[in-house]
Amino acid sequence: QVQLVESGGGLVQAGGSLRLSCAASGRTFSRPAMGWFRQAPGKERESVGTINWNGGNTYYADSVKGRFTISRDNAKNTVYLQMNSPKPEDTAVYYCACAARVGGTYDYWGQGTQVTVSS
């Protein structure tokens, strides 16, 4: 089993910056891909981006490309989402998730952390 715990959420002004963390523990896949997702009130959950097991490849939704950056520190079993120049429409609960590989099913999810962007 894998446990994922997000942290770093909160209130941020539009144009500011915020960094989310996702700490993983427990038995994980040998080379897990990690994803960030978000869900705004009344909307479906959507993918923010994905990072492969060694951080060499990242993929982003068009809505955050150029503003958000995903990175990971495997020595710390932690994945990060750096949010630069957030917009009010980025307000959502953000979740991290773990898959066996990029493009695979996300089998493990964190509990989520709220991000609110004020205008």
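Predicted model: local features only at pLDDT ≥ 70, side-chain atom pairs only at ≥ 80, totals over all residues.
An open sheet of four strands was found in the order β1-β3-β8-β7, with antiparallel pairing. Strands β1 and β7 form the edges of this sheet, each pairing on one side only. From one strand to the next, the twist averages 15 degrees. Within the sheet, β3 and β8 run antiparallel and are joined by seven bridges. Cys22 stands opposite Val79 in β8. Ser21 also has its place in strand β3. With a relative accessible area of 15%, Ser21 is counted as buried, because the limit for a buried residue is under 20%. When its neighbours within four places in sequence are left aside, Ser21 is in contact with Val5, Glu6, Ser7, Trp36, Thr78, Val79 and Tyr80.

In soluble globular proteins, nonpolar side chains tend to be buried together. The largest nonpolar core of the model comprises 23 residues, of which Leu20, Trp36, Leu81, Met83 and Tyr94 touch the most other members. Two or more residues are given to this core by each of the elements β1 (2–7), β3 (17–26), β4 (33–39), β5 (46–51), β7 (68–73), β8 (78–84), β9 (92–99) and β11 (113–118). The largest share, four residues, comes from β9. The surroundings of Met83 illustrate the contacts of one core member. Apart from its neighbours within four places in sequence, Met83 is in contact with Gly16, Ser17, Leu18, Leu20, Arg67, Phe68, Tyr94 and Val115.

A disulfide is a covalent bond between the sulfur atoms of two cysteines. The structure holds one disulfide. This bond is formed by Cys22 and Cys96, whose sulfur atoms lie 2.0 Å apart. The torsion about the S-S bond of Cys22 and Cys96 is about 60 degrees, and the disulfide is therefore right-handed. The pair links distant parts of the chain, with Cys22 in strand β3 and Cys96 in strand β9, 74 residues apart. Cys22 counts as buried at 1% relative accessibility, and Cys96 is buried with a relative accessible area of 1%. Cys98, by contrast, is in no disulfide, and the nearest cysteine sulfur, that of Cys22, is 8.4 Å away.

Side chains of opposite charge can pair when their charged atoms come close. Four salt bridges are present in the structure. In one of them, Arg38 pairs with Glu46, and the closest N and O atoms are 2.6 Å apart. Salt bridges that share partners join Arg38, Glu46, Arg67 and Asp90 into one network. Another salt bridge is formed by Asp62 and Lys65, the closest N and O atoms being 3.0 Å apart. Here both Asp62 and Lys65 are exposed.

Terms used
Residues numbered from 1 in each chain as written. Heavy atoms only, no water. Core = buried A, V, L, I, M, F, W, Y, C linked by side-chain atoms within 4.5 Å. Buried < 20%, exposed > 50% of the residue type's maximum accessible area, 1.4 Å probe, protein only. Contact = heavy atoms within 4.5 Å. Pairing = 2+ DSSP bridges. Axes fitted to C-alpha atoms, helices over the stretch in contact; angles between N-to-C directions. Salt bridge = Lys/Arg side-chain N within 4 Å of Asp/Glu carboxyl O. Disulfide = S-S within 2.5 Å.
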